[in-house]
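Please keep the sequence and the model at hand while reading.

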Amino acid sequence: MTDAITADTSRNDLFMIAGGGLLSGILTPLAPLLVDKIGDASGNFGTSLVALPFAVLVFIVVRRCSANPVWAALVAAIVTMIAFVAAVNAAVFIDGQADGASKLMRNILSGLSGGLVGSAVMAIGIALLPAGPRKAAAWWPMLMTGAVLGPLLALDNALGLDQTSVLYPVWQAAVALRLALVLRMKPA
């Protein structure tokens, strides 16, 4: 009976995390409108503020799904904001390198690289936390999810859905779920 209750609670937690990912994925594309109103929030600092909705979700996931202390969950949120900046910079770099390719191809390549870089920075940073899994293999599902679903943002851009992103919430929900599953793994 206890196992059934635990499994149900675990499933409910995962549904809540997915819902939080969808919500943060809706808020993230709208955040630049708010960040633009803040004085001198340009450059990488302004970009990191755009990641705040997802960083809040990562804070909650790290607190609920691991034995990390509060300070570690705060560090995970900051790492998420850094990962967002790295992902945006990687996507911009790849877009510039693919000059001459079609816009759709540039968007796909930049989304792929941004998703992979963002997920990798998050994985490395969170793996270093006290209760973070240390084995690289534990993080592969999150890395692959981030990379494979990264082009969803590019598809949103190609469809002209920059401010009302439809597919980006899927990326944030999937990466948040993968993070929760990684953090729930039993140490080997």
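## Packing of α3 and α4

At what angle do α3 and α4 pack, and how far apart are their axes? In this predicted model, the angle between α3 and α4 is about 150°, and the axes of the two helices lie 8 Å apart. The crossing that α3 and α4 make is right-handed.

On the α3 side, the contact is built from L52, F54, A55, V58, F59, V62 and R63, and these residues meet V70, A73, L74, A76, A77, T80 and M81 of α4.

## The loop residue S66

Between α3, which covers residues 52–65, and α4, which covers residues 70–97, there is a loop, and S66 is found in that loop. With a relative accessible area of 16%, S66 falls under the 20% limit and therefore counts as buried.

When residues up to four places away in sequence are set aside, S66 touches V61, A131 and L183.

## Packing of α5 and α6

Helix α5 spans residues 103–127 and helix α6 spans residues 136–149; their axes come within 6 Å of each other and cross at roughly 155°. Because of that angle, α5 runs roughly antiparallel to α6. The crossing in which α5 passes α6 is right-handed.

From α5, the residues L112, G115, L116, S119, A120, M122, A123, I126 and A127 take part in this contact, where they meet W139, M142, L143, G146, A147 and V148 from α6. The residues of the contact of α5 with α6 divide into twelve nonpolar and three polar, with no charged residue among them.

## The chain as a whole

How many helices and how many strands does the chain have? There are eight helices and zero strands, so that a reading along the sequence gives the pattern α-α-α-α-α-α-α-α.

The chain has 188 residues, of which 44% count as buried. Among the contacts that join residues at least 6 apart in sequence, 71% link residues that are at least 24 apart.

Terms used:
Residues are numbered from 1 along each chain as its sequence is written. This is a predicted model: local features need pLDDT of at least 70, side-chain atom pairs count only at pLDDT 80 or more; totals for chains, interfaces and linings use all residues. Side-chain values use heavy atoms; hydrogens and water are left out. Axes are lines fitted to C-alpha atoms, for helices over the stretch in contact, and angles run from 0 to 180 degrees between N-to-C directions. Helices (H or I, at least four residues) and strands (E, at least two) are DSSP runs, numbered from the N terminus. Angles under 35 degrees count as roughly parallel, over 145 as roughly antiparallel, 65 to 115 as roughly perpendicular and the rest as oblique. A crossing is left-handed if the near helix is turned anticlockwise from the far one by less than a right angle, and right-handed if clockwise. Contact means heavy atoms within 4.5 Å. Ala, Val, Leu, Ile, Met, Phe, Trp, Tyr, Cys and Pro count as nonpolar, Asp, Glu, Lys and Arg as charged, and the others, Gly among them, as polar. Buried means under 20% relative accessible area, exposed over 50%, partly exposed in between (1.4 Å probe, protein chains only).
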